[in-house]
Amino acid sequence: MASSSSGIVAGLTAAALATVGFLAWQASATVPAALTGKPVPSASPAASKAPRDKRNPTALPAGSGTGERVVYSVDDDRVWLVGAGNAVRRTFEVTPGTVDPAPGVYHVTSRSNAVTGTDGTPIEHVVRFTSVDGVTIGFSAAVGSAAPAPEEAPRTGGIRETRADGDAMWRFATIGRKVVVIP
């Protein structure tokens, strides 16, 4: 009798796992494109190289989008938090990881208050918006000093900010917030 009971339990478990797998696939197939973490093609040519104000390098690049958004320049290692009316609330320099996101329009997909980064560094206020070849890309602030560099450096997508800038990003970049990546 024990073998038939275990067979029934195994069958029910397999059916439950298959059902959960199907429902997960179905849910992922209906996620709006804006929340998948994949870039949305830009309608403007601004993604090629947004013009910069050479007299004011911290000025918001022209053609970097509209509406409330986070603008991240891969080439300049700079972020702008842009509020209503295209007003820059804050701009700051960042230190990128080893993997860069492609230029395009993304949306914040997840956030974590405190975790350990892939480089072993404790980080806080993690704001994720995409992934590249399995490497998650997002903004974060290191807590304390950086971890010692491992012998073989991991591929990292963490775009590091100061703790004060990380606090500002955390308050501004909630789930669904637009993130515009420019060269």
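**Surface, fold and sheet of a predicted model**

The protein exposes about 10,200 Å², and carbon and sulfur atoms supply 59% of this area. The model is a predicted one.

Visitor: What percentage of the 183 residues of the protein count as buried?
Guide: A residue counts as buried when its relative accessible area is under 20%. Applied to the 183 residues of the protein, this criterion gives a buried share of 34%.

Visitor: Which pattern does the protein follow when read along the sequence?
Guide: The secondary structure comprises 2 helices and 9 strands. Read along the sequence, these elements follow the pattern α-β-β-β-β-β-β-β-β-α-β.

Visitor: Which strands are the edge strands of the open sheet?
Guide: The open sheet has 5 strands with mixed pairing, in the order S3-S2-S1-S9-S4. An edge strand pairs on one side only, and this holds for S3 (88-93) and S4 (104-107). From one strand to the next, the twist averages 20°. The edge strands are therefore, given that pairing requires at least two bridges, S3 and S4.

Visitor: Which helix packs on the sheet, touching S1, S2 and S3?
Guide: The direction of the helix makes about 140° with that of S3. The helix spans residues 163-172 and is H2.

Visitor: Which residue in S2 does Tyr72 stand opposite?
Guide: Strand S1 (residues 69-73) and strand S2 (residues 78-82) run antiparallel and are joined by 5 bridges. In S2, the residue opposite Tyr72 is Val79.

Visitor: What share of the contacts with a separation of 6 or more comes from residues 24 or more positions apart?
Guide: A contact requires heavy atoms within 4.5 Å. Among the contacts in the protein with a separation of 6 or more, residues 24 or more positions apart account for 53%.

Definitions and conventions. Residues are numbered from 1 along each chain as its sequence is written. This is a predicted model: local features need pLDDT of at least 70, side-chain atom pairs count only at pLDDT 80 or more; totals for chains, interfaces and linings use all residues. Side-chain values use heavy atoms; hydrogens and water are left out. Helices (H or I, at least four residues) and strands (E, at least two) are DSSP runs, numbered from the N terminus. Axes are lines fitted to C-alpha atoms, for helices over the stretch in contact, and angles run from 0 to 180 degrees between N-to-C directions. Buried means under 20% relative accessible area, exposed over 50%, partly exposed in between (1.4 Å probe, protein chains only). Accessible areas come from the Shrake-Rupley method with a 1.4 Å probe; for residues, only the protein chains shown count as cover.
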